[in-house]
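The sequence and structure come first.

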Amino acid sequence: MSAGPEQYPAGQPAQRGDEPAAPPEQEEPAPPEQGHRSGLRNPRGAVHGLGAAALMFETLVLLLAIQPMRALGVELTGVTIGVIVALALAAVVIIAMLKRPWAWHAGTVLQVLLILAGFLHWSLAGVGIMFGLLWAYVLHVRKVILTD
């Protein structure tokens, strides 16, 4: 039996004034110093991180898609593999450049190119549509957060 703040010594009844003390009031968090509507300390960094994460995930999916396509019997030509690798490398370059405003437009172009790669195989168009929708969401979040 452990003796905590709510327990009383054995044999002594609790008395009216023996209630445990109320916890001290916690201070409310300070408002953001720079007055950002989003409440983020570094909204540009947060948006940059979101865009980088989306493009990195796209890079991984593109590179890992080669083997399942081959296992499903898709005849992958050198051109198809070259396009997939080139799109993955372009995504990595765009990640490195996301601090520049034009890189966000380049990310949009990358999504369109991936959808157009569907002419090589329909699965690339499917991946392009999914990541195009994700990129549209990233651009929406960017607009909402960076518009004060």
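## Helix packing in a predicted model

Thr59 lies in helix 1, where helices (H or I, at least four residues) and strands (E, at least two) are DSSP runs numbered from the N terminus. The relative accessibility of Thr59 is 5%, so this residue counts as buried; buried means under 20% relative accessible area, exposed over 50%, and partly exposed in between, with a 1.4 Å probe and protein chains only. Leaving aside residues up to four places away in sequence, Thr59 touches Ala88, Ala91 and Val92. Contact here means heavy atoms within 4.5 Å.

The model is predicted, so local features need pLDDT of at least 70 and side-chain atom pairs count only at pLDDT 80 or more, while totals for chains, interfaces and linings use all residues. Residues are numbered from 1 along each chain as its sequence is written, and side-chain values use heavy atoms, with hydrogens and water left out.

The predictor's confidence in each residue is given as pLDDT, from 0 to 100. The protein averages a pLDDT of 84, and 74% of the residues score at least 70. Confidence is lowest in helix 2 (residues 66-71), at a mean of 88, and highest in helix 4 (residues 101-116), at 96. Where pLDDT is low, the predicted coordinates should not be read in detail.

The protein has 5 helices and 0 strands, and the order of elements from the N terminus is α-α-α-α-α. Of the 148 residues, 29% are buried. Among contacts with a separation of 6 or more, 64% are between residues 24 or more positions apart.

Helix 1 (residues 43-64) and helix 5 (residues 122-146) pack at an angle of about 175°, and their axes are 9 Å apart. Axes are lines fitted to C-alpha atoms, for helices over the stretch in contact, and angles run from 0 to 180 degrees between N-to-C directions. Helix 1 and helix 5 are therefore roughly antiparallel, a term for angles over 145 degrees. On the helix 1 side the contact includes Val47, Leu50, Ala54 and Leu55, and on the helix 5 side Phe131, Leu134, Trp135 and Val138 are among the residues involved. The contact residues divide into 16 nonpolar, 1 polar and 3 charged. Here Ala, Val, Leu, Ile, Met, Phe, Trp, Tyr, Cys and Pro count as nonpolar, Asp, Glu, Lys and Arg as charged, and the others, Gly among them, as polar.

The 22 residues of helix 1 should span 32 Å at 1.5 Å a residue, and the end C-alpha atoms of helix 1 are 32 Å apart, which agrees. The expected span is 1.5 Å times one less than the number of residues. Helix 5 has 25 residues and reaches 36 Å from first to last C-alpha, close to the 36 Å expected.

Buried residues of helix 1 include Gly51, Ala52, Glu58 and Thr59. They pack against helix 2, helix 3 (78-97), helix 4 and helix 5. In helix 5, the buried residues include Ser123, Gly128, Gly132 and Ile145, and their cover includes helix 1, helix 2, helix 3 and helix 4.

| C-alpha pair | Separation along the chain | Distance |
|---|---|---|
| Val112 and Ala125 | 13 residues | 9.4 Å |
| His105 and Leu139 | 34 residues | 9.7 Å |

Technical notes: Parallel < 35°, antiparallel > 145°, perpendicular 65-115°, else oblique.
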